[in-house]
Amino acid sequence: MGLRASGEEPGVKEEKLGEGEILRWKKMKFGELKLLLDPHYIGLFNLYKNPLISEGQIFVSKNNATISAFEVQPVSTEVHEGGVARFACKISSNPPAVITWEFNRTTLPMTVDRITTLPTGVLQIYDVDQMDSGNYRCVAATVAHRRKSIEASLTVIPAKESKSFHTPIIIAGPQNITTSLHQTVVLECMATGNPKPIISWSRLDHKSIDVFNTRVLGNSNLMISDIKLQHAGVYVCRATTPGTRNFTVAMATLTVLAPPSFVEWPESLTRPRAGTARFVCQAEGIPSPKMSWLKNGRKIHSNGRIKMYNRMLKVPGVGETWDASAAGLRGRFGRHRSTAAPGTKLTGLGGFIMEEPTGLQRDSCGWRSGFAIALARQLFVQSKWDCKLVINQIIPEDDGIYQCMAENSQGSILSRARLTVVMSEDRPSAPYNVHAETMSSSAILLAWERPLYNSDKVIAYSVHYMKAEGLNNEEYQVVLGNDTTHYIIDDLEPASNYTFYIVAYMPLGASQMSDHVTQNTLEDVPLRPPEISLTSRSPTDILISWLPIPAKYRRGQVVLYRLSFRLSTENSIQVLELPGTTHEYLLEGLKPDSVYLVRITAATRVGLGESSVWTSHKTPKATSVKAPKSPELHLEPLNCTTISVKWQQDVEDTAAILGYKLYYKEEGQQENGPIFLDTRDLLYTLSGLAIDTDMTLAQTTATGSSNIYS
């Protein structure tokens, strides 16, 4: 095996791959790499290119030729003389295998018009006669492997003198296919009936079938070559009894994948310092392309000044929407009217069969029938992505080449634009001596000195601030007149660090950014208390558990929890203070079979927040069965709206369990439940939850033990 250069080109780089093989490439304009490979070996390599493209960033992995066991093998069948026979084979291999057929272990001749082999590995025999009886098998061959399937027999039943009439039946309909541009696909359709049905093809959207790239393969299969986007759609095979209105249809969707293409390109911009630049880029493709931005070949990430916005624009494409309910069946078609004869069968998308014994009426609303069926068809769309890059408070370092990249499984493309930052020679120097002073838990005073150079030309100042910790923080801006050198920002979050800087403006431009300063706001009392759960392990105790307060409500570091409890029949309250690191406490020495009220309060260094509402709990009776320990929950998100909840009871726990109650709630919302579960249930799936939401779950046994999780 070898790789060779296509002639002696200047600028060609070489890399040894081992075993005497050499990879050669040449770096082109805009960071592109031209690979110089022997065409014979192109199919045996996977080539990966780093989208940031620096010289030498290319990886070559050699694929070993592989072949699997047969996934589908021919099955023996019986066919009446004059009917149709079909055998199928399927195998996975790399490179793709070529499938041929043998009849009685001899290569089957393909010169007979009534015998057709499809690229999918299907063998079709029409007008079967006694000479076709025998054994059939397929042979899958690659350059490195050769495999033979099991044999299947074809038994031909002699024809009767007078054949009875029967309506057309499609024994092999077209299957949904997803393909790429310029490929060739075959939509299979094979039908039987007496008399022999007439096969015809059409599109569900009533567009004409491309006669230049489409032909009939064999007796009734539709082959489309050099696939283009306009070939995508729903194709309908119709088998009709000659001279009648009896017919059967089978449908399949052809989805054409397409690499990204630009609909709108970013344009080069010239902007002054401290101005705003907006690049717009719009691309489409199937599947929808992923959009990203690069600057001078390096990926850009959003920060305070630089933001990226992506918006998907759905463009209706080929395909149809099916909607069926108990009241009837609708399929959306074009505006026309026709009637299907009684007994018509519609082989729907995905293999559904629809039968209407009393006839179907098709009008401008689509098919209507008087029976209930559930059938859904997804609307295929081609999506356009509108991608914007916005750069605020431009600085000299923003000058450069910006690239919009769109990529999907079919490929990637780049479009570039230049941002030129114009600098004014008479711009003022930056404000200096910037300092910040904390005023409260939500306010910081920012002060600065006027620029040392051209301060008399300053017409305004802008104050910029953002959170110092975390990623993708939003930057905020306040514009002030030139008559002030201090400002109080009073909409900040407690116990948070913020970064500030100042920019001075004149009519023709802006100064550089001032030095950045960081200052933190003071703590405040917690905005709300923790959520508590009460359980009993014995008739004389209550285990109090609680979750940490979310950061946005904590407003500082919790240093103390105050627990208050009392009997419901008494007014005297007992108070306990616990460290801020505690998340449970066991109250002991309580009265059995009594109702206790419990509440909790959290405190930061500033002080105590609000107390929770009183929560009641009844201790078990002294003669009651021992309460089981709380099972430990294990939560696993299955998707953006579904969580799997699993639990296991402690094997050392001897208490009898009568069942489980499962509660759940969205953070800050009311509790849902209980969901009653049997003792044998150790798994439950919660679905239909809000996306990207913190959930709290509580599990309670029928005997009173419970626990909470988040």
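# Exercises on cysteines, charges and a core

Cys138 is buried, at a relative accessible area of 0%; buried means under 20%, exposed over 50% and partly exposed in between, with a 1.4 Å probe and protein chains only. This is a predicted model, where local features need pLDDT of at least 70 and side-chain atom pairs count only at pLDDT 80 or more, while totals for chains, interfaces and linings use all residues. Residues are numbered from 1 along each chain as its sequence is written, and side-chain values use heavy atoms, without hydrogens and water.

## Exercise 1

Find the partner of Cys138 and describe the link.

*Solution.* 
- Start with the sulfur atoms: those of Cys89 and Cys138 lie 1.8 Å apart and form a disulfide, the cut-off being two cysteine sulfur atoms within 2.5 Å.
- Strands here are DSSP runs of E with at least two residues, and helices runs of H or I with at least four, numbered from the N terminus.
- Then check the handedness: the S-S torsion is -75°, a left-handed link.
- Finally, Cys89 is buried too, with a relative accessible area of 3%.

## Exercise 2

*Solution.* 
- Cys281 and Cys404 form a disulfide, with their sulfurs 2.1 Å apart.
- The torsion about that S-S bond is about -85°, so this disulfide is left-handed.
- Because Cys281 lies in strand E27 and Cys404 in strand E40, the bond ties together parts 123 residues apart in sequence.
- Now Cys387: its closest cysteine sulfur, in Cys404, is 5.3 Å away, which is too far for a bond. Cys387 is buried, at 1% relative accessibility.
- To wrap up, the model has 3 disulfides, and numbering the bonded cysteines in sequence order gives the pairing 1-2, 3-4, 5-6.

## Exercise 3

Compare the surroundings of two salt bridges, Arg137 with Glu102 and Glu71 with Lys90.

*Solution.* 
- Recall that side chains of opposite charge can pair when their charged atoms come close. The cut-off is a side-chain nitrogen of Lys or Arg within 4 Å of a carboxyl oxygen of Asp or Glu.
- For Arg137 and Glu102, the closest N and O atoms are 2.7 Å apart. Arg137 belongs to strand E14 and Glu102 to strand E10, 35 residues apart.
- Arg137 is buried at 10% relative accessible area, and Glu102 is buried at 8%.
- For Glu71 and Lys90, the closest N and O atoms are 4.0 Å apart.
- Glu71 is partly exposed at 43%, and Lys90 is partly exposed at 45%.
- In the whole structure, a search finds 15 salt bridges.

## Exercise 4

Locate the largest nonpolar core and explore the contacts of Ile391, one of its members.

*Solution.* 
- A nonpolar core is a set of buried Ala, Val, Leu, Ile, Met, Phe, Trp, Tyr and Cys residues joined through side-chain atoms within 4.5 Å.
- The largest one has 20 residues, and those with the most contacts inside it include Phe279, Trp293, Ile391 and Tyr402.
- Strands E27, E28, E39, E40 and E41 each give two or more residues to this core, and E27 supplies the largest share, 4 residues.
- Leaving out residues up to four places away in sequence, Ile391 touches several residues, among them Phe279, Tyr402 and Leu419; contact means heavy atoms within 4.5 Å.
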